[in-house]
Amino acid sequence: MERGIEWLSAAADDPETCRATWADNPRRLYLLPTGRLFDVVMISWRIGLETFDQLARRAAPIGPVMMDHESQRVGFFLDTCGGKQFAAALSRETDTPPPYEYLGENSLVVVPGPVPMSGDRYQWLRAPMLLLEAHPVCVAALAAVFVAAADLIARADSYGEQYSAPAIVRSRL
């Protein structure tokens, strides 16, 4: 985690103050600029959690991942060159990508401290452990699984519309 803190704090306007803040209170949130050392893809929590779960189960290369419980969004950290690559990878997967927000240059992101508690608004699903490296497979895997997860969630949501409970009960009688 030490190297992850060093990496995250290096993106701050004042890295020393960031590290001192976290040394004083490891639960403290910090506002960091994106586009310097990392970008962040923000996805709705349902699709984001499914995406994270699928990537983790397959041991796919992914960077840090955080969750904002209040806004119900999940943020995937990527290398700073990932914006165009992510959009291109999405366009290879689908003509109509699910909604997402790409935080690159001139954006800010609130990050959890290095040791958030279970009830905190912001938490790490996968904490930063090492320096984030540019990895084209990481961007492609995130895009592919993001689209698949969105499709899975959409199909699950429409299942109740296609198969109403009374019809299911009648078919079993």
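Which residue in β4 is the bridge partner of Met67? The answer is Val74. To place that pair, start with the whole chain. The model is predicted.

The protein chain holds six helices and seven strands. Along the sequence they follow the pattern α-α-β-β-α-β-β-α-β-β-β-α-α. Of the 173 residues, 42% are buried. Take the contacts between residues at least 6 apart in sequence: 76% of them join residues at least 24 apart. The chain exposes about 9800 Å², and carbon and sulfur atoms supply 53% of that area.

Now the sheet. Five strands form an open sheet in the order β5-β2-β4-β3-β7, and the pairing is antiparallel. β5 (101-103) and β7 stand at the edges with a single partner strand each, so one side of each has no neighbour in the sheet. Neighbouring strands are turned by 25 degrees against each other on average, direction ignored.

Strand β3 covers residues 65-68.

β3 has a partner on either hand. Four bridges join it to β4 (residues 73-78), and the two strands run antiparallel. They form a hairpin with four residues between them. Gln72, in the turn, has a positive phi of about 55 degrees. With β7 (residues 122-126), β3 also pairs in the antiparallel sense over four bridges. Met67 stands opposite Gln123 in β7. In β4, its bridge partner is Val74.

Next, the β5 end of the sheet. Strand β2 (residues 39-44) pairs with β5 in the antiparallel sense over three bridges. Met42 stands opposite Glu101 in β5. Helix α3 (residues 45-57) packs on the sheet and touches β2, β3, β4 and β7. The direction of α3 makes about 45 degrees with that of β4.

Finally, helix α4. Gly82, Phe86, Ala89 and Leu90 are buried in α4. These residues lie on the same side of α4, because they cover an arc of only 100 degrees around the axis. An α-helix has 3.6 residues a turn, so residues three or four places apart point the same way. The face of α4 turned away from the buried side carries Lys84 and Arg92, both exposed.

Definitions and conventions. Residues are numbered from 1 along each chain as its sequence is written. This is a predicted model: local features need pLDDT of at least 70, side-chain atom pairs count only at pLDDT 80 or more; totals for chains, interfaces and linings use all residues. Side-chain values use heavy atoms; hydrogens and water are left out. Buried means under 20% relative accessible area, exposed over 50%, partly exposed in between (1.4 Å probe, protein chains only). The arc is that of the directions from the helix axis to the C-beta atoms. Contact means heavy atoms within 4.5 Å. Accessible areas come from the Shrake-Rupley method with a 1.4 Å probe; for residues, only the protein chains shown count as cover. Two strands pair if DSSP finds at least two bridges between them. Axes are lines fitted to C-alpha atoms, for helices over the stretch in contact, and angles run from 0 to 180 degrees between N-to-C directions.
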